[in-house]
Structure formats: C-alpha cells, structure tokens
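This report examines selected features of one protein chain. Please keep the sequence and the structure in view while reading.

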Amino acid sequence: MKTYSVKKISQLLKGTLVGNTDQKISGPEQLEKAETNHISFIGSKKYVRLWETSKACAAIVNEDLDFEPGENRALIKVKNADLAMAKLLELFSPNSPLFEEEIHASAVVHSSSTIGKNCKIGANCYIGKNVVLGDGVVLYPNVTILDDTKIGNGTVIWSGTVIRERSEIGNFCILHINVSIGADGFGYCASEDGRGLVKIPHIGNVVIGNYVEIGANSCVDRGKFSSTQIGDGCKIDNLVQIGHNSVMGRFCIMAGHSGLAGSVTLGDGVVVGGSASISDHVTVHSGAVVGGGSGVINDVAAGKSVLGYPAQDSREMLKQWIALRKLVK
C-alpha cells in the first residue's frame, strides 16, 4: 500500500500547508466516508461544515476558504482543489493489469500487420490485414481490430472494443471497454414498391484525433461517403452515440447518454450534457453548451447556452419553467 506524509503531498501539489498531522495517508476519500488515514478535498464553502464531523486527517481546499484544520489535522490550500485532487488520484492510482508477455500466444496477428515497439497485445485479440499499431499501443484481452486500421503511439484500448476496417485513431487515446468504432451508420430508404426498407451502404471510415477518450459502450459510426471525425482532445462519456459523418472539433465534451444524429457538426470546445440529443445536419458552434436532456433541432451560435426540448436560450427556457410553475400553484 502506498502511503505519504501530508508534507510530501503538499510539496507535490505545490500547496500551502496549514496545520499538521503525523498520520500517514494511504489514499483519498469523500469527507463522509473517510477514515483517519485518508485525505479528502473541499472545493466549495458549502462542504466546509462536513469537515468538523469527518474522520479525515487532511483535506485539499481552495485557497479562498478560511477555517481551522483542528488538532492533528491539516489543510493543503491550493488554487483549484479539483485539479489538485486529480493530481493526487494519479499519485495513488493502482497499477494497470499485468501483461506477462508482450503478445499473448492466443492473439491472432495477421502477417501483413505492422506492430510498433513496446506494444502489448492481450489474450484473444484479433489484428487484421494491413493494420498498423504505433509504438507503445496497449490492447487488453478480446480486442478486435479489422483490416487497414491505423492506431497511433501510446493508445490504450480496453477489452471488448471492436474497431472496424479503415479506421484511423491518433496518439495517446483511451478507448474503454466495449467501444464500437466504425460500425455502419443508420441509413435506410423506402423500397420502390413501398413494402420494405433498402439499406444504404456506408463506405466511409472514422478518423479520431490525438488524446481522445471514449467511454464504455459508446459507438462512433463510420461515414456514408467520407469520414466521421472526432477532433483532438475530445472526451466522450459512456453510452454515447456519434452518428455517421458527424464532425467534432477539438476538446469537446459529451456526457453519458447523449447523442449526435448523422452529419452533425460541433465546433471547438462544445459541451453536450447528459441525455441531450442533436438532430441531423445541425451545427453547434464553438464554445456552445447544450444542457442535459435537451433536444437540439436548430443551429446553436458560438458561446451560447441552450436548454430544453426543443432547445432554446437557457435563460429564456428557465423563465418559461418559472412561469409555468407559477401558473399551476
């Protein structure tokens, strides 16, 4: 078990230590659940009251909060407690699952594929024809990568993920368990006799930039003609759907259960809340925020926040909700 003194943690976080404790710290925990060997964090004034009853011996706190640590307890004051806690979690992060051999004997690797230096390929993985893995790629057991796919340096792909043919994935990405990349888009049209549906082939691919993270059970469909694109630094939560030919700019965030229909365009830095949905061919411009549970059917201007179904300016929607509440009282 890793343990650290509060002074060592304060130094690593470049914080200001207030008070002290001789208790060795074995990990972070919520204020309510912490034991005496835990450190917690307080990012808002409303949580200060929990410090008095918490057993935690130390806490990381925003520097604008003013309260006493107490006997044999310590506070580490920082500019941003959330960012400091992220660094602390890395410090206590357990080791990743062990690979006893670089390429497991049960993995199937096509002879035409190119495997970079220091790659790790787990049990029962399949790597198809002409696949290219950059240096340091990690494939956990039961990953499937089909023909002509390219994966950049340092990318980590967790078990159950399937990457269809011709996909392109950048450097230092993380694909969590059971992600689907490059499945057919959802496209059908009525048959000539009007008695059925004709499947529309999708012959494009998926192109994913660098430092992208995609959560468990999320799906990115390939394009009908060209590429579905996810820009550098995008972070996608679990159970998210990215429709065919959608284009995401850089550093977008999509929370769980949200989705893009076909040919949606997101600018840079767009935030999409949980369970929000965006209709086909809509453009959400850079810096816009889509509130959770919203349904976007029209373009959204840069920097604007929208809410509701159908989504509109968030302040206007809140005014409508307040007015409705007054009407029913």
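Predicted model: local features only at pLDDT ≥ 70, side-chain atom pairs only at ≥ 80, totals over all residues.

## The surroundings of H38

H38 belongs to strand 3, which covers residues 38–42. Its relative accessible area is 15%, so H38 counts as buried, the limit being under 20%. Beyond its neighbours within four places in sequence, H38 is in contact with I25, S26, G27, E29, A56, C57 and A58. A polar atom of the H38 side chain also lies 2.9 Å from the backbone nitrogen of E35.

## Salt bridges

The model has eight salt bridges. In one of them, E35 pairs with K55, and their closest N and O atoms are 3.8 Å apart. The pair ties together parts that are 20 residues apart in sequence, because E35 lies in the loop between strand 2 and strand 3, while K55 lies in the loop between strand 3 and strand 4. E35 is partly exposed, at 38% relative accessible area.

Another salt bridge joins D184 and K199, with 3.2 Å between the closest N and O atoms. D184 sits in the loop between strand 18 and strand 19, whereas K199 is in strand 20, 15 residues apart. Both residues are partly exposed: D184 has a relative accessible area of 28%, and K199 has 41%.

R315 and D313 form a further salt bridge, with a closest N and O separation of 3.8 Å. Here R315 is exposed, at 60%, but D313 is buried, at 16%. Elsewhere, salt bridges with shared partners connect R164, E165, D184, K199 and R222 in one network.

## The largest pocket

The largest pocket holds about 220 Å³ of space. It is lined by 16 residues, of which F186, H244, A261, G262 and S263 are the closest to its centre. The lining comprises five nonpolar, eight polar and three charged residues.

Conventions:
Residues numbered from 1 in each chain as written. Heavy atoms only, no water. Helix = DSSP H or I, 4+ residues; strand = E, 2+ residues; numbered from the N terminus. Buried < 20%, exposed > 50% of the residue type's maximum accessible area, 1.4 Å probe, protein only. Polar contact = N/O pair within 3.5 Å; in protein donor to acceptor, adjacent residues only side chain to side chain. Contact = heavy atoms within 4.5 Å. 1 Å grid on protein atoms, 1.4 Å probe; cavity = no way out; pocket = protein on both sides within 12 Å on 5 of 7 lines; lining within 4 Å. Points joined across faces, edges and corners; volume = space filled by probe spheres on them. Nonpolar A, V, L, I, M, F, W, Y, C, P; charged D, E, K, R; others polar. Salt bridge = Lys/Arg side-chain N within 4 Å of Asp/Glu carboxyl O.
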